[in-house]
Amino acid sequence: DLGPLSVDTAVELADVDLAEVFKLIDIDGLAGTGKLGGTIPLRWADGRLAVAGGALATTGPGRLSLARDRLPPALAQAGEEVALAVTALADFHYDSLSLALDKDAGGHGSVRIAIRGSNPQVMDGQPFVFNINVESDFDRLTELALHSMTATQDLLRRAERSLSP
């Protein structure tokens, strides 16, 4: 008996489509363009997956948009500074964008998004820096990531078999 299975590893990512990441994060009205790369450390123990210190960053400039009409009413009416931020994020041209990911074994997680750039239509294109924190139960994200990895492995095995003499 080897005891309970425990695995520590890291997934290295390159050229990940930002639009697909935003779909997984599931923030209504958030869309983006660009490519991300980085490392996501994973720990599998007691049948649960945790992420500690995941870091992804864009490889170049891109755009993101946050639809004002999809925001919760409390946020959409939170005052002048929030209104300016929401207006800027409606068509934001970023120079850099990074994501910091953490998820405990119980499913609670956070994504911290750091963005530098501007909206050419807001304040004559004045630069903005945003730091956005999203906290949620990310077990759905974990399931989708594991499903994607399994599907990728299956495709690679099929391709390998088709290339074998």
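1. Which residues is Phe92 in contact with, leaving aside its neighbours within four places in sequence? With contact meaning heavy atoms within 4.5 Å, the partners of Phe92 are Gly62, Arg63, Leu64, Ile115, Arg116, Gly117, Ser118, Asn119, Phe128 and Phe130.

2. On the basis of the note: this is a predicted model, in which local features need pLDDT of at least 70 and side-chain atom pairs count only at pLDDT 80 or more, while totals for chains, interfaces and linings use all residues. Residues are numbered from 1 along each chain as its sequence is written, and side-chain values use heavy atoms, with hydrogens and water left out.

3. On the overall fold: the protein chain has 4 helices and 8 strands, where helices (H or I, at least four residues) and strands (E, at least two) are DSSP runs numbered from the N terminus. Read from the N terminus on, the order of these elements is β-α-β-β-β-β-α-α-β-β-β-α. Among contacts between residues at least 6 apart in sequence, 61% join residues at least 24 apart.

4. On the second largest pocket: its volume is about 170 Å³, and its lining consists of Phe22, Ile27, Leu30, Leu64, Leu66, Leu89, Ile113, Ile115, Ile132, Asn133 and Val134. On a 1 Å grid over the protein atoms alone, a pocket is an open set of points where a 1.4 Å probe fits, with protein on both sides within 12 Å along at least five of seven lines, and lining residues have an atom within 4 Å of a point. Grid points are joined across faces, edges and corners, and a volume is the space filled by probe spheres set on the points.

5. On what lines that pocket: strand 5 (62-66), strand 7 (108-118) and strand 8 (128-137) each supply at least two residues of the lining, and strand 8 gives the most, with 3 residues. By class, the lining has 10 nonpolar, 1 polar and no charged residues, where Ala, Val, Leu, Ile, Met, Phe, Trp, Tyr, Cys and Pro count as nonpolar, Asp, Glu, Lys and Arg as charged, and the others, Gly among them, as polar.

6. On two residues of strand 3: Gly38 lies in this strand and counts as buried because its relative accessibility is 19%. Not counting residues up to four places away in sequence, Gly38 touches Val11, Glu12, Leu13, Ala55 and Leu56. Gly38 and Leu99 are 61 residues apart in sequence and 9.4 Å apart in space, C-alpha to C-alpha. Lys35, also found in strand 3, counts as partly exposed because its relative accessibility is 38%. Lys35 and Asp17 are 18 residues apart in sequence, with 4.9 Å between their C-alpha atoms.

7. On two backbone angles to check: Asp15, found in strand 1 (residues 6-17), has a phi near 55 degrees, a positive value in a residue other than glycine. Asp46, in the loop between strand 3 and strand 4, has a positive phi of about 55 degrees although it is not a glycine. Asp15 counts as exposed at 57% relative accessibility, and Asp46 is exposed with a relative accessible area of 66%.

8. On Ser118: this residue has its place in strand 7, and it counts as buried because its relative accessibility is 17%. Leaving out residues up to four places away in sequence, Ser118 touches Asp91, Phe92, His93, Gly125, Gln126 and Pro127.

Terms used
Buried means under 20% relative accessible area, exposed over 50%, partly exposed in between (1.4 Å probe, protein chains only).
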